[in-house]
Each structure stands twice: as C-alpha cells, then as structure tokens.
Amino acid sequence: MSASAHTPERLAIPRHDWTRAEVEALFAMPFMELVFLAASVHRQHFDPSAVQKSQLLSVKTGGCAENCGYCSQSAHFDTGLKAEKLMDTSSVLAEAMAARAGGADRFCMGAAWRELKDRDLPKLAAMISGVKALGLQTCATLGMLTPEQARALKEAGLDYYNHNLDTSPEYYASVVTTRTYDERLDTLKAVREAGMSTCCGGIVGMGESRADRAGLLHALATLPEHPDSLPVNALVPVAGTPLGDQVRAEGQIDPIEFVRTIAVARLVCPRSIVRLSAGREGMSEPVQALCFLAGANSIFVGSRLLTTPNPEQDADAVLFARLDLQPMMHEGLHERPHGGA
Ligand code: SAM
Ligand code: DTB
Ligand code: SF4
C-alpha cells in the first residue's frame, strides 16, 4: 500500500483484501505514526471517550477436553482448578443482575467445553433469555457449534458469540493440537449465518513472533465479515499450563508491542469494537490509556474474568475518571439503566 493510502479517511473504509505484507508493514511503522493514525481512524467511527463494558461469568468451569496451552481449564494440565457442573439458571441471573448494577451492558457466559452438547441447550436457552430480559446484551462462548445449534442460540436471544482464532494459522499448532483453525472458521461461519454478531480475536504474549500477531490480525481482517467485537487478550500466565509456565520463565510481552497490536487491530478492522481484554490486571494506567488512544474501546469489568482476576470496580472507576472516559451503552439499556428484572 502506498503512503498516500495511509490517510485516516481511506483507512476508515473497511477492507477485506488486506495482504499479510500490508499488515506487517503497519506493525513496522514508527510507533508515534502508528498510534496517531489508529487514533485518527478511531475518531472516524467512534467517540474516542466511549468505552463499552462487558462482564464475564464462567457458567461451566474446568475439565475441558481441549489442550489450549494457555488455559487454566484444560483437563490436560494440572492448574489446581476444580472442575464444576453447569451452573443453575437462577444463580447465573443473580450474577447478571449484579453485573448490570456494576455498570456492564453486556454479559458473557463462558463454558469450558470443546463443543456444545444438545442436551445442555434448554438450560443455556433459559439463561440467555433471562439475561436478555434484564436489558443486557447477551454473549456466550461455549466451544464449537453446529449450524442448528447456532440457530437455536439466536432464537433464545443470543446477540454475540465469542470464538477466538487466538493466533496465526502457522503458530496455531504450537498453542493447541486438539482442534484446527478450519474448525474455528466453521463455527464462526455458523454464527454469522444464524444472524448473530461475532466476537473474535486472539491472545498475544504466548511466545509468538510479530509475524504471528500480524497473521492473526490478517486472518481476522480477511474474514467474510469483520468481527463485531475484536478482543485482544494479553496472556494471563497460569501456572501449570505450558504457555503460562514458559512466559513466567521468559517474561511477558513488551507493553509497547501490545499497544502496537491494538493499533493495527483498529486500522485493519476500523468499525469493530476492539476490546482491551484479558491482562489488564497488573497493566499500568498509562499503558491502558495508550491502548484506548490506539483505538481500544471496550473492556471486561468485574473482579474476575473466567477463572483469573481482573481490576476491581473501584480501580476502573478511577481509571475512567482520570481518562475522562464514559461508558458506551447500547440503547435498550439506556432506556432503563436501573430497570426492573
Ligand atoms: N471453551 C471455549 C473456547 O475456547 O472457545 C470458551 C471459553 S475460552 C476460555 C475463551 C477464550 O479465552 C479463549 O479462546 C482464549 O482466547 C481466552 N483465554 C483463555 N485463557 C486465557 C489466558 N490465560 N489468557 C488470555 N486469554 C485467555
Ligand atoms: C476473550 O477473548 N477473552 C475472555 C472471553 N473472550 C471469553 C476470556 C479471558 C479468559 C482469561 C483467563 C481466565 O480468566 O480464565
Ligand atoms: Fe477448553 Fe476453551 Fe480453555 Fe481451550 S480455551 S481448554 S477450549 S475452555
């Protein structure tokens, strides 16, 4: 791409024909130029002071059949995590109400499953419709789906389905061997075709190269539709997992490289909500501020992600006040911020 194409106006138009070399060239830009460009593109589509807040709940924890090398919940590793059954709907709804009271506008239910089993669908449908009735946007991440299951979840009121590509196609087998990249793409297709919004991103800081980070963002930017939400997770290094132990020994990702990844995500998927996702615990306020400047406009709130800690509500209230950030609310919730159950 020529330098003249690097104007915020041109970059703000979503493209699906990014080449890998173009994405790598964005990563290689002088940092100040890259962040300025990403911040300029961000302003073409969004209020730069508005940040969307999602809250996670692990509705089925641990004992997962997959061997994702970063995950506390895989049955393949001894992380000391106790496996639990699928939660009761009433307990999930109580957590969703607390999340809404804490300022979240989207509630994401996560299950440590390789794939959704049909026998669990009725209970999940009850959770989803119950959360939606609270005025929250609904999101779930339950592993692989068939097209029929995707349609059933949509029918129950599911707005977003999270299914991450995690890393580049080449690095994938260094992260997980119990499933393929193509299987991830198939589930994403089923989600799109069922008419749900996609939440799809990845993890940085797993020992991958910059070329792998570019490969992940290239894969996301060349999907038939850009993800509606694009979570960029910084690896939370969990002891007992292969990648967590490796990163604990070798050190975590350079925060400036993390900010670069956010900026490139903003540039290649200009209309997506880019989430500064896992890894905020222990990330300084100035680094988080740089992420918001570079185009991140969503976070997870609440003191827990799925199984690991996240900044407390008070800390995030201070962060929002110091950076003059406002919550980005979807319309349904605006109408009744403290509305009935
Ligand atoms: N089992 C489902 C799946 O893998 O799609 C849903 C739950 S899984 C925990 C959701 C996502 O969380 C993963 O795709 C991964 O990107 C992210 N994740 C899991 N453990 C993480 C960690 N330790 N650090 C950062 N992100 C992590
Ligand atoms: C996403 O991209 N990150 C979230 C959500 N989607 C499901 C999960 C982060 C999990 C961090 C590790 C844990 O708490 O277990
Ligand atoms: Fe299972 Fe998801 Fe964890 Fe992989 S990331 S081990 S699929 S819960």
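This note goes through a predicted model, point by point.

1. Basis of the numbers. This is a predicted model, in which local features need pLDDT of at least 70 and side-chain atom pairs count only at pLDDT 80 or more, while totals for chains, interfaces and linings use all residues. Residues are numbered from 1 along each chain as its sequence is written, chains are lettered from A and ligands numbered from 1 in the order in which they are written, and side-chain values use heavy atoms, with hydrogens and water left out.

2. Ligand 3. The residues around ligand 3 are Cys 64, Glu 66, Cys 68, Tyr 70, Cys 71, Ser 74, Ala 112 and Arg 179. A residue is counted here if one of its heavy atoms lies within 4 Å of the molecule. By class, this shell holds 5 nonpolar, 1 polar and 2 charged residues. Ala, Val, Leu, Ile, Met, Phe, Trp, Tyr, Cys and Pro count as nonpolar, Asp, Glu, Lys and Arg as charged, and the others, Gly among them, as polar.

3. Where ligand 3 sits. Its place is the largest cavity. A cavity is a set of points, on a 1 Å grid over the protein atoms alone, where a 1.4 Å probe fits but cannot get out. To sit in a cavity, a molecule must have more than half of its atoms within 2 Å of the grid points.

4. Glu 66, one of the shell residues. Glu 66 belongs to the loop between strand 1 (50–60) and helix 4 (89–101); helices (H or I, at least four residues) and strands (E, at least two) are DSSP runs, numbered from the N terminus. With a relative accessible area of 2%, Glu 66 is buried. Buried means under 20% relative accessible area, exposed over 50%, and partly exposed in between, with a 1.4 Å probe and protein chains only. Leaving out residues up to four places away in sequence, Glu 66 touches Ser 74, Ala 75, His 76, Arg 114, Met 144, Val 176, Thr 178 and Arg 179. Contact means heavy atoms within 4.5 Å.

5. Val 176, a contact of Glu 66. Val 176 lies in the loop between helix 7 and helix 8 (181–193) and is buried at 2% relative accessibility. Beyond four places in sequence, Val 176 touches Glu 66, Asn 67 and Cys 68. Val 176 and Ala 214 are 38 residues apart in sequence, and their C-alpha atoms are 19 Å apart in space.

6. Gly 143. This residue is in the loop between strand 3 (137–141) and helix 6 (147–156), and its relative accessibility of 9% makes it buried. From C-alpha to C-alpha, Gly 143 is 7.5 Å from Ala 112, although the two are 31 residues apart in sequence. Ala 112 is also one of the residues around ligand 3. Not counting residues up to four places away in sequence, Gly 143 touches Trp 113, Arg 114, Glu 115, Tyr 161, His 163 and Thr 187.

7. Ala 150. Helix 6 contains Ala 150, which is buried at 0% relative accessibility. Its contacts, again without residues up to four places away in sequence, are Leu 145, Ala 190, Val 191, Ala 194 and Met 196. Arg 192 is 42 residues from Ala 150 along the chain, with 8.8 Å between the C-alpha atoms.

8. Helix 2 (residues 20–27). Its buried residues are Glu 22, Val 23, Leu 26 and Phe 27. Seen down the helix axis, these fall within an arc of 145°, so they line one face of helix 2; the arc is that of the directions from the helix axis to the C-beta atoms. They pack against helix 3 (31–45), helix 9 (210–221) and helix 11 (255–268).

9. Most residues other than glycine have a negative phi. Asp 166 has a positive phi, near 70°, and Asp 324 has a positive phi near 55°. Asp 166 is in the loop between strand 4 (160–162) and helix 7 (172–175), where it is buried with a relative accessible area of 2%. Asp 324 is in the loop between helix 13 (313–322) and strand 10 (326–328), and at 55% relative accessibility it is exposed.

10. Gln 288. Helix 12 (residues 285–293) holds Gln 288, a buried residue with a relative accessible area of 4%. Not counting residues up to four places away in sequence, Gln 288 touches Leu 276, Arg 280, Met 283 and Leu 319.

Notes: On a 1 Å grid over the protein atoms alone, a cavity is a set of points where a 1.4 Å probe fits but cannot get out, and a pocket is an open set with protein on both sides within 12 Å along at least five of seven lines; lining residues have an atom within 4 Å of a point.
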